[in-house]
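My notes follow in the order in which I looked things up.

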Amino acid sequence: MKQQANLKSPIKDVNEWLNSVRNCFNPLYSLFSPGSQIVDYFSSRISFHSPSSFSDEDLYQHLQSLNLVFRSSQVNHNSAAVIADRGVKKSHVATAAAHIWADNSVIKQLCVHSLNVTSIEAELMAIRTGIIPAMEIDNIHDITVITDSITAARKILKSKVDSLQNMFIPLAAAVKTFLSKDGSNKIRFWYYPSRAKWPRHKLVDDQVKASSCTPIFPSKESHLFSKKKECDRILCEWQMHFANSLKKDHYFLNFEDEKGIVIKPTYAKRGSWLPVIGFTNSLCARFTCMTTSHAPIGEYRQRFFSQLPTSCPCGKAEVQTREHIIMEYDRHDPST
Ligand SMILES: [Zn+2]
């Protein structure tokens, strides 16, 4: 990558021009037309199972049920289970691995790599890597797919134009063929959280972590990855601008996370501060006063109305600063 940065030649320009983004849209694909979607014909034979909440109790119940489902898939000769997982390294190499289980043993181990894709694309890649070979095995009518991304799995039933279409079109087409082949064919997707450390899942996880693949230059990037990269760049620029902005001045109160790192502004999940404040307007107003130090306190009067008193009514501070009010003031009225 360092060499790439130093290399200035027409070859590099041509490479960037030809290899920037992969086109991945197919809005007119027949599988997504109304009336021919998978959900129109096979909704009773494709199912998704997630815990009702992520509380320890619900997760425990879910894992118990998953264990039963897995065991029954291994004693029935017409069933197979697919355990899929993926990982994305710092070099942007994504690894997707899947183990196909039948008759209580791993009958196939599959692993593929891709470069410059987002994590949801890698998740879809992992599901696809396992499920397509499983559907091609003779006499298999019932497939249980165990994945930590039910969101990715649900994309198979998605019917609108989506930048992930190039990933799920082949998968959805193969699922449709499998379900059309025999009226008893079924597919169940089961959520499995990686942190639960199920030994069978760990085997796949270990394979993902152990695999290494050196990217070959040049390489294209997916449309979604390109969007994410641009979004990250804009966010980084915004955060740098915010950190160095003279407009927020040195009175702006920086908040730190549990590791002591200053929280940066972001647009995701309602931003960095609003989710902590909640939905009360008066609390939001007070929080803003405190963060910007624009509040009727001594420190503020000293800056803007120097003729007015600056000391604190408690008598312990000559200048009533924000820090004094938060850390030392003992006359707070809990009812206000
Ligand atoms: Zn005071």
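**Entry 1: a loop residue**

Does N116 count as buried or exposed? I looked up its relative accessibility, which is 9%, so N116 counts as buried (buried means under 20% relative accessible area, exposed over 50%, and partly exposed in between, with a 1.4 Å probe and protein chains only). N116 lies in the loop between β4 and α5 (119-135), and its phi is near 60°, a positive value in a residue other than glycine. I reminded myself that most residues other than glycine have a negative phi.

I then turned to K269, whose phi is near 50° and likewise positive in a residue other than glycine. K269 lies in the loop between α9 (223-244) and α10 (274-277), and at 76% relative accessibility K269 counts as exposed.

**Entry 2: what kind of model this is**

I noted that this is a predicted model, in which local features need pLDDT of at least 70 and side-chain atom pairs count only at pLDDT 80 or more, while totals for chains, interfaces and linings use all residues. Residues are numbered from 1 along each chain as its sequence is written, and side-chain values use heavy atoms, with hydrogens and water left out.

**Entry 3: the chain as a whole**

I found 13 helices and six strands in the chain; these are DSSP runs numbered from the N terminus, helices being H or I of at least four residues and strands E of at least two. Buried residues make up 38% of the 336 residues in the chain. Of the contacts with a separation of 6 or more, 65% are between residues 24 or more positions apart, where contact means heavy atoms within 4.5 Å.

**Entry 4: the sheet**

In what order do the six strands stand? I read the order as β1-β6-β5-β2-β3-β4, in an open sheet with mixed pairing (two strands pair if DSSP finds at least two bridges between them). β1 (46-49) and β4 (105-115) stand at the edges with a single partner strand each, so one side of each is left without a neighbour in the sheet. The twist averages 15° from one strand to the next; for such angles, axes are lines fitted to C-alpha atoms, for helices over the stretch in contact, and angles run from 0 to 180 degrees between N-to-C directions.

I followed two pairings in detail. Strand β2 (residues 79-88) and strand β3 (residues 93-102) pair in the antiparallel sense over eight bridges, and the partner of D85 in β3 is A97. β3 and β4 also run antiparallel, joined by 10 bridges, and here the partner of H99 in β4 is Q109. The hairpin of β3 and β4 has two residues between the strands, and D103 takes a positive phi near 50° in this hairpin.

I next asked which helices lie on this sheet. Helix α4 (residues 56-75) lies across β1, β2, β3, β4, β5 (142-147) and β6 (186-191), running at about 145° to β6. Helix α7 (residues 165-181) packs on the sheet as well, touching β1, β5 and β6, and its direction makes about 130° with that of β6.

**Entry 5: aromatic rings**

How many aromatic pairs does the structure hold? I found 12, where rings of Phe, Tyr and Trp (its six-membered ring) pair if their centres lie within 6.5 Å, and planes under 30 degrees apart count as stacked, over 60 as edge-to-face and the rest as tilted. The rings of F70 and W198 have their centres 5.1 Å apart and their planes at 85°, so the pair is edge-to-face. This pair links distant parts of the chain, since F70 is in helix α4 and W198 in the loop between β6 and α8 (199-210), 128 residues apart. Both F70 and W198 are buried, and F70, W101, Y192 and W198 form one aromatic cluster.

C314 lies in the loop between α12 (298-304) and α13 (322-327) and H324 in helix α13, so the pair ties together parts that are 10 residues apart in sequence.
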